[in-house]
Amino acid sequence: MASYYDGRSSVPFLVELEVDRSGVALLGPVRRRYEWSGAKLSEPLRHAPRLIRFADGSHCEIADPAGLDAALQAVGYRDSWVVRSQRRASHVAVATVLLLAAILAMYRWGLPAASAFAARRVPPAVESRIGVQSVRIVQQRFGPSKLASEQRERAQRIFDSIVPHDGRNFRLVLREGGSIGANAFALPGGTVVATDQLVGLATDDAALAGVLAHEIGHVEKRHVLRQIISSSVVGVVVAMVAGDVSTVTVALPAALAQLSYSRDMEREADAYAVELLQRHSIPVAPFADLLQRLQKDSGGDAGEWGRYLRTHPAAQERIAAIREAAHLR
Amino acid sequence: MSELIDIYSPMGEAPPPPAAAVGPRQCRVEFTGTGEEYFRIWIMNLLLTIVSLGIYSAWAKVRKLQYFYRNTRLDGAVFDYHGNPVAILKGRILAVALLAVYKYALPLLGPFGLIVMLAVLAGAPWLFAQSYRFRLHNTSYRGLRFRFNGPVTQAYLIFGLPIAVLLIPGVLVALAARADPQHPDPRVVGGIGIAYLALMLLWPYLHFCFKRWQHDHAWYGRARGRFGASPGDFYGPYVAAVAILIVSAIPAIVLMVGITMIAAGVGGGAQGGKVGFGIAIAMGILFYAGTILVGVRVSAKLQNVIWSRTRLDDIGFASDVRAGRLIGITLGNLAMVVFSLGLMIPHAVIRAMKYRIESIQVLDADALGKVAADADSGPVGATGEGAVDLLDLDIGL
């Protein structure tokens, strides 16, 4: 038994269905016959009726899926593999595991590789364009440098000595750090910004070289660009998974993922810095010492929980990694 | 040789005998979906979508909506969704392109990027309108399709104000900051503040206009939707929400200041600072949670208002969502999702949806079975629906 709706009004007709290999026959107040070729059968659901949609816009709602199932099996009908798979709990369990594995693989390997690949494809002209905007923001945020001219020359000299000379546009910009104190960062397009306080604190030339080398590493590996690309993808994927859930709950995993990528990039920059320093025969130890001093000045690590919220790996970890990388050569 | 097999099965509810009714027969909507069943669909959808780098998402959406619609039962018949996955896919690709253009226009094209952004925004209300048309056209009940013909100009009026208020200040701020970053022009900042305030005050009215636009131009076969609420119906819940927030914020702030002072008194300034900071964060989180819950309350009250003032020709509706119950469900869902690390998202979705849907009643079920089909409603492109989906905007009925 089924309800038949003719598509011309909302009046239901109670009909009986007879199923055979070539089509469906309706018996009762409506007598009709439809071929299977023009009909669409809905997937079976546990509590919802099964629908057969016919080519002329009418359809049937069948409240007893079991009876229909038996009939369909007898005439050799099979559901799509997705639907069949879904019905077996074991398949669902496998799908769940596969899903988690796929997400994990993408997060750990797929996305970083993809964004690195994409970042390499971005033409330098475009990258410098992005950088130009950032430089302007930096120039507005931080006042012009107040260092003595010989300090500025010293910094520029050290920078020029380690910067790769392959035609790319590296340049050093010194600004007054204000509230952020001793710090340095890299902008896309090859601009490295360092604050007065950092130059002042890094009295040892080798230490300053280390910090600048680290920032050059960010530029070399196009980290900022990668961050931009990967954060967009993370955002989209998380939105897809969460779908109907509030965006707030979703923001947290996305942010954690981003921070973890950020820490990886910092480690990469550190490794690059060590390699660059050694290539120019500059001692690495002062760089590690400077990091130590910076950490002490900023009040120490925040402890266990802080690990996941940091954009940089913990200072101790970085220092240890740097020292170890230096001793390997 | 074919086998003829008769199918005998009892129907869920036979249509009632006519006449001799005391008054119009009321009927409550039922939702028969379960979290467990939806989980299977959801997991398969997610896996195939990720593996196909998003292409399957259009098919996933069709399966999801068909699951929800076909499990929504009214007077023995169910709804159905007819969206074409290929059309939805095209819409999504367009949406991704637009989003990328919008996001990267400014960094890549400089000032010209601003014009591009505004062009994209200018198309947004049209996309909304299209999306709603598509969604409704692909919804059917008892073989009759729904239809929507709300004028796009109204969409621009309704969405134009929020878009303008939310974005143009950002542009102005950027321009003002360019001139003097440390001290942006106070008049500009003041102007922006006033614009935001205006938007907040007008928000309930805009919401009213939006629902009226949706329901007044919706058709079921030949039956036309009518929206009879007034703006005041919308202001009520919103004003109550703001009042609740203010009233609960005051003791919270007092508590926070008090604890900070005590901590400072006991442990010294630095200790007080740390404690104060911690408490501020905790309060911030609580306040944010509070706004969400208050928002749930608003949405519950508004659902009741909207449905009780909507008619389809002569058929009336009713809704009896209880705010307290909905808040409880929301909190429970949050706990479920967090503790299952997201695996119970489908259960949470079903739980909330079931309560909302089953709160709706039709006040004249017999009339619902006597609607004639509309003359001709041609196919509607899915561009709109795909786009709005990606932008994660909820246009709920």
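Among contacts in chain A between residues at least 6 apart in sequence, what percentage join residues at least 24 apart? The value is 58%. Two residues are in contact here if their C-beta atoms, placed from the backbone, lie within 7 Å.

The model is predicted: local features need pLDDT of at least 70, side-chain atom pairs count only at pLDDT 80 or more, and totals for chains, interfaces and linings use all residues. Residues are numbered from 1 along each chain as its sequence is written, while chains are lettered from A and ligands numbered from 1 in the order in which they are written.

Chain A contains 12 helices and 10 strands. Helices (H or I, at least four residues) and strands (E, at least two) are DSSP runs, numbered from the N terminus. Chain A has 329 residues, of which 29% count as buried. A residue is buried if 20 or more other C-beta atoms lie within 10 Å of its own, exposed if 12 or fewer, and partly exposed in between, with C-beta atoms placed from the backbone.

Three strands of chain A form an open sheet in the order E8-E10-E9, with mixed pairing. Two strands pair if DSSP finds at least two bridges between them. Strands E8 (171-175) and E9 (184-187) of chain A are the edge strands, and each pairs on one side only. On average, neighbouring strands of this sheet are turned by 25 degrees against each other, direction ignored. Four bridges link E9(A) to strand E10 (residues 191-195) of chain A in the antiparallel sense. A:Ala186 has A:Val192 in E10(A) as its bridge partner.

Helix H7 (residues 205-220) of chain A lies across E9 and E10 of chain A. H7(A) runs at about 25 degrees to E9(A). Axes are lines fitted to C-alpha atoms, for helices over the stretch in contact, and angles run from 0 to 180 degrees between N-to-C directions. Helix H5 (residues 149-162) of chain A also meets H7(A): their axes come within 10 Å and cross at roughly 60 degrees. That makes H5(A) oblique to H7(A). Angles under 35 degrees count as roughly parallel, over 145 as roughly antiparallel, 65 to 115 as roughly perpendicular and the rest as oblique. H5(A) contributes A:Ala155, A:Ile158, A:Phe159 and A:Ile162 to the contact. H7(A) contributes A:Asp205, A:Leu208, A:Ala209, A:Leu212 and A:Ala213.

Chain B holds an open sheet of 11 strands with antiparallel pairing, in the order E2-E12-E11-E10-E9-E8-E7-E6-E5-E4-E3. Strands E2 (27-28) and E3 (30-31) of chain B stand at the edges with a single partner strand each, so one side of each is left without a neighbour in the sheet. E3(B) runs antiparallel to strand E4 (residues 72-74) of chain B, joined by two bridges. B:Glu30 has B:Arg73 of E4(B) as its bridge partner. Helix H2 (residues 57-70) of chain B packs on the sheet and touches E4, strand E5 (77-81) and strand E6 (139-141) of chain B. The direction of H2(B) makes about 165 degrees with that of E5(B).

Helix H1 (residues 35-51) of chain B is mostly covered, with 13 of its 17 residues buried. After H1(B) comes B:Leu53, whose phi is positive, near 55 degrees. B:Ile292 sits in helix H8 (residues 269-308) of chain B. B:Ile292 counts as partly exposed because 16 C-beta neighbours lie inside 10 Å. B:Ile292 and B:Tyr69 are 223 residues apart in sequence and 27 Å apart in space, C-alpha to C-alpha.
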